[in-house]
Structures are given as C-alpha cells and as structure tokens.
Amino acid sequence: MALIELKNYSFRYPRTKQKALADINLKMDGGMVVGILGRAGAGKTTLLESLIGIIPFVEPGHYDGEVIVNGLRVQEQDIGDMAHHVSIVLENPDVQIFSLTVRDDVAFGPSNLGLPLEEIEQRVAYAIEQAELKGFEERNPNDLSGGEQQSLAIAGALAMMPRVLALDEPVALLDPVGKERVLSVVEHAARRGSDTITLITESGSDIEAVAEKVDRVIALHEGKVIRDGRRELFADPLFDEIGVGRPQVSSLFAGLRDAGLTLNYIPVTLDEAVRETEQLLAQKGIEHIQLPPDWGKPCRLTCGEEVIRVENLHHVYPPNIHALRGVSLSVRSGEIVGIIGQNGSGKTTLARHLVGLLKPSNRDAVVQVMGKGVTKLNLRELIKMINYVFQNPDDQIFADTVWEEVAFAPMMMDMPEKESEVLTREAIDAFRLTGHESDYTMSLPEDLKTFLSIASILPLNPRILLIDEPTTGLDTWGAEIMMDSIEKLRAAGHTIIIITHTMKTVARYCDRVIVMNRGEIVADGTTREVFSHPEQLLQTDIKPPQITQLGQRLADKGFPSSVLTVEEMRDLLLYNLKPGEA
Amino acid sequence: MAYWLEYESRDTPIHKGVQPLTKLVVFGCIGVLVGLWWDPRYQLLLVIPAILLVRASKLPLGWFKVVALAIVTSIYPVTLTALGQTNPQLFKVLDRSWAMTPILVGNLPIAGRVGLTYGGIMWLVAAELRTLVVATYAFVFIYTTSMAELTDTLLILKVPRPAVFIVSITLKLIPQLQRVVDHILSAQQLRGWHLHYWNPVKIVRKAMPLMKPLMRRAAMLTEQITVATQIRAFGSGKPTPTRRLTLNTVDYVVISTTVVLMAIGLYALVFHHAGLL
C-alpha cells in the first residue's frame, strides 16, 4: 500500500468558483524526496495541508474524493492524530518557534503527544542531530540565523517522528547559505528510513537548490497534476511554459541543444552540468577555452550624479544591538544597485535610514539624498525624492480596488485631480495592471499584489526607489515581469536599489552590488567583480548563482569566474564548440 | 529588541535564577495585597520592590508608556468615583475630619453631596497606583518568562489546557502584531498618510489605511500560529511537561518570605484595618 494516496481528490475554498485542487490521483511510496512544483496559487500548499487535515478542519471548504496517509483516511481523523504521521514545516520560521531554547522547542511537539519524558529526550537528541543543530541545544532561537531557525523548525517536525515530512517552500526567505543548510538537513531527513517520505514545494526562485535534492517531481498547474516523473523531468521545457522555470544549467544545455549540439542528456544539477561540459569539451579536444574578444564588457557605466551619500552611519537598537557599524556608500543616478547579505546583516536598517524612518545613533553620521540631509527633511518632502517598498504587500494594501490603491498616494499629497489621474494611469500601466483597475485588491493573485505595492508608490514619482525583496513570493514569470518593469523605471530616469536574497536576480539585473555582513559593507563593486570572489562571498553566507558557480567549477578549463547569466555561458560555450556559428 | 509584552532572553537573576512558579507566587501575593489595600502609603511599599525588579530584570522602560496612557485616560472615570468619597463613614482608619476636608465640594440634586476631598484624593491615588503596581509585576513576569516555561508551569498547576493555549498564543501574537503595526505605519507614511486630526469621526475614517491591513494581517498571523501549533499536536491530548519543577534555595526563600509577608499583611488588614483608608 502506498504511504500517501489521493483518490479523485478535489478541494474548493469557500466563496471561490475555481477548485484549488481538481481530481488529483497520486500515489507516493516511502524512501524518497518528492518535489511539488507549480506557480504561486497552483495548489501546492493546499495539497500539503490536505495531508494532515488542516484542510478541511482548520481551513474549511468543499472537498471530494479521499486522502489516505499511512492507511488512514485523513478526513476521518483529527489533526492531533494525524500529527503522529505527518509534519509540515511552513515557509516562515518565525511563526513556528515557541520556546526559550532549541532543546525546548524541539521537545514541544513530542511533549504535546504525551510521550514519556525518556522518549521525548531520545527524540529531541535524534532530531537535533538530524537538523545539524548539535551544540545549539541551549541557544535561544532568536539568536539563530534564518537558516538555523528553519533547521530548528525542521528538527521540531522530525521529533514528531512523522512518516511524512512536508516542507512548504522552506528556503524562500533565506540567504543562499541558509538555503543550502536547510536543504542539507532535508537530505539527512530523507534518509531517515525507507518507510518515510519527504515532500518539498517550490515555485521557481530556488529551483536549482531543490533540483539537487529530489528524486521525483510532481508539477501542479491550476490545481491539476500535469507532470509526474523522475528528477530528469526538471529539464522539461514545460516548466518554462507554466512559469516555474528550469534550473539554470538545464536552460543552458537546452539552449545548446537548440543550437545544434549533440548532448547525452540535459543536466539538472551543477555536478551533472560540470561533467557534461567537460565531456563536450573533451569531444572537441578543447583543454582550455578561448574567450570571445568582447567577453566581460563592463556592466552599465555608472556615470550619473551622486544621489545618495552615506558616511560613517551607525545604528544601535536597544539594549545594545549594533545593527550598522560605520556604513559609508554612494549611489549614482540611473544605477540598479543590489544590496545583499545574510539575514540580520543590516540591509533593512540601512534602507530605513535612507527614507528617514530611523535616525543615526552617532552625531557625525551623514545621510544625504539628492544633496540634502535626510534628518533635516520632513517626510512629505523626502518621499518625493526617495521611497521604499516593503517586502510584504499585505502591509500596505487597503483600498477596495486597484485604482483606488494606486490613487491613494497622490490624494494624500493633495495633488490636483487631473495630475493624480495621469500619474495613477502611468503607474498602473508600468506594472502591467492595466485591465485590473476595478478588481478587488484582496482577490488579486500574489504576483499582482506585489506589482500593486510598487505601483502604488510610483505616482509620487520618487527619483530613487528602494525595493525590499521584489521577487520573493513570485514564481519565475512573476519575477521576470517585475524585474522588466523595474528596468523600464530605470530607463525612465529612476535610480533603483533592491534588497534581495535571489542571486539570479542580482546577477541578471544589477549594475552594482553592495554586500553587507554584521552591519558593515564588506564588498562594493560591479556585479561581475563581486561575484568573481566566491570565497569572500561565502564568508557572508552568499553563494553566486548556479551558472556563475558552473564557470568557477570549470576554472581549470579557462572559464571566467564571473559568468552572470545563462545567455553569457551559452555564448561562451558556442564560441568554443561551434566557432563558426557563435 | 523585545517589543511590548515580549519575552526576551537575558542573563539577569530574574530570568535565570528564579523559577516561573516562584514568580507566579510573588505576583499572586502582590495582587492580593494591592487589591485589598486602599491606602496609597501601603501601596508604595509594593512599588519599592517593583522598582528593584524592573532594574534587576532590565525591563525596557518604554513598556510603561502604555501604563502612562492607561493612567492618563483613566483619571477622568476614576476622578468621578473619587467625587463620591464624601461620606465620612467610608473612612475607617484616616482621621474623618481630615479625610472630609473639602477641596471642591457641592450639593447636587439627587446625587447629594459630591466633590473632591483629601480622602477622595487618597482614593484616586490608590486606584492609579494599583494599576501601576499590577502592570509592573505583570511586565516583569512576562519579560522574564518564556512561553515554554509559562506553559509548563501552568500545566503543572493544573490550569486547563484551553486556557494555557489561549495565554500562550496571545503572548506569541502580541509582539508579532506590534511588528506588523510598525511596518504598516511606515508603509503608509511613505505614501503621504498621516493622522493629525482631533475630530474622532475623521480619525476613524482616516485610520482605515492602518486598520484594514492590520486586521487582515492579524487574521493571517492568528491562522498561521494556530496552524503551526496544531501541526505540532498542541491541544490534542494530555501533554508531558518537559521540565521538572525543581525549586532551588532562592525560590524557597522568595516564596516563603512572600507568603509570610502576605499573611502578616492580611492579618494586619483584617484585625487592625492596616492598609484601609
């Protein structure tokens, strides 16, 4: 009997017409890691929540069919009973941690099961080891990094000794090394027995990391299973078509095949890509590649006037947390600057200073925007020069319709009606919200909500836009639309600063990268310069994108260490493998 | 940085050196005495250890902004009750002629003699001091006791699980919501929103950009936390407390001293009216 079986299972949320899951028939056996892929809203979370009974007991709705886990019909059990068999780890570790110490938090679940104290202690020791948290037992979870916190959430789930461990986009909010840490824990967890299964959902931004770990792939689209197969399925172009995207190395080799190269297969992991590239080069007798004459042309020159100047900025949160330590930087107009760094490195604190939401802790700090001291300007003047879009659109959207939401800022600034209307229209068009003007904001899909949160700042026409995690929560399509729109804003004369953990986005779109670590700027240069020093980045928990890592792994073949995009790598390979056609 | 009503792990004697049960006993005894005492001079006896505890636990003083607001907003209704303290029979300990010394007294139809007297002022000060004392001890308890410690202690004390569940979820939710309010306020201010009105109707109307996202996020957070706790079987059966309640010497000394002092206080109150006005 399969460990998980869904028979003609459908689910529809209240007050919606479309089914979140439609006629799902799936069987999953133990001993493997299963990746559940799909765009935001494809039904991934609904599927996981159906396995433990959150659906329909906590989130009611209309369901048909059966969900059977470990021989139990989920709809006939209560969640407490199912917690013995299924455990879910959510995207945000913050809401899943309840206790003072790591040990206490891991013990929270087993103690709720009413197990004898000795068994609880055994389970805690096992889960802590599996989650690579040995030595952290007495630490306060609040003092852990994002990756460690998510590992703790996984340890808490593992201590329940579930046969099904389900992880809902567990790395979406983490820095690159945090992602790697969590996925390594997932790999450990997957080896806990042939009678257990690990499920992991993904909507695209971390598809490279997930592809490294899974054995089987299930693709969901609009609530239906559209693909189900082994890991090699990641190379299927269908993933591009449904907006999830493929791992960068798969896109690279698919491009090479389209260009006429004969390949053994399309790699989905970095190791496979390294082997396949070496083989391709060996077939052509190439030991050391040649770089095209125009290789490494500088990123866009930063020749505008200085629009942001920060000198010796310190910020101390009470009681004595030194969040910024003498930060100095300068930003020129027309740049797209990426600020990267591990969780808690000071990125958001710096952004809040730039828009006047925080005041420096030291008197000699300089924070100037367009030549004027931020602390001397009132907020209404400042927000027309520089503005900041928060990560979570739910923090600002309040109006009933899209038009009202975008028109709110000009109304607050007492703009004349005609001018307000023109600016609102321009903002709506800039983020592809045309046609959605009268849509109810709360029923918008996640990607449109994110676009709306940025569009609603635009009528103020700030010269500088700071955007916190513009692509988080978006699938690959959504992220591309977002970044294309941001590029257009730059072309229209805006300076853009983005704070992000998504290195693919930084490599593709940013002219310049600022790396922060423990409140200090540890690297500042063109994207190519910064990503060509992987050891330095690793010290700040940053890893370059997969395609850059491929170049770095092939350094002995003459590959540059600063390949930024799939297109660059494809051109480089074609230049060497098919010189006449490149 | 801890938000209001958020536990913070710190290396203070109150955080690490005292069991939650001891804190609960002290809090309970103080609560009994401050509830029964009406003389602000007696209540001041409870303020002194409260100040020491605030210092020892390094409780952020910003937490008292809310208490200050509560005291200021309650002055009007409390003063109304103080206006009624014009009957000399209400005062058992104070010299009645001194207590009845009028500051502003008049005769009203139906209500009779109302106004402010020295005794009424004592009543008013006692009512406000009570708020301060209770809030201070509650703050120290919350700031120094983690959710796991609190849950285990309440379970050991046989508090019903639904009540424990509600307390722990509330304590988890309050600081989370404050972070959300912080974000929402900043996000709306950056779109030119402000709330500089005195007209209450206008304030309510203009507060919508704050209230709507807040309500939505509160609902989402509540749901996420409820789901997270249910996934880990919270509330599903009889749990096993993971820490044994082992009181050390300090706990025994603090508990016995507090109980003895409370007993003396109650004896003096019942037989000698000590602490009454």
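Analyst: In chain A, helix α16 (residues 446-455) packs against helix α17 (residues 476-491) at an angle of about 15°, and their axes lie 10 Å apart. The two are therefore roughly parallel, a term that covers angles under 35 degrees. The crossing of α16(A) past α17(A) is right-handed, that is, the near helix is turned clockwise from the far one by less than a right angle. Axes here are lines fitted to C-alpha atoms over the stretch in contact, and angles run from 0 to 180 degrees between N-to-C directions. Helices are DSSP runs (H or I) of at least four residues, numbered from the N terminus.

The model is predicted: local features need pLDDT of at least 70, side-chain atom pairs count only at pLDDT 80 or more, and totals for chains, interfaces and linings use all residues. Residues are numbered from 1 along each chain as its sequence is written, chains are lettered from A and ligands numbered from 1 in the order in which they are written, and side-chain values use heavy atoms, with hydrogens and water left out.

On the α16(A) side, T450(A), F451(A) and I454(A) meet G478(A), I481(A) and M482(A) of α17(A), contact meaning heavy atoms within 4.5 Å. By class, this contact between α16(A) and α17(A) comprises four nonpolar and two polar residues, with no charged residues. Ala, Val, Leu, Ile, Met, Phe, Trp, Tyr, Cys and Pro count as nonpolar, Asp, Glu, Lys and Arg as charged, and the others, Gly among them, as polar.

Methods: Parallel < 35°, antiparallel > 145°, perpendicular 65-115°, else oblique.
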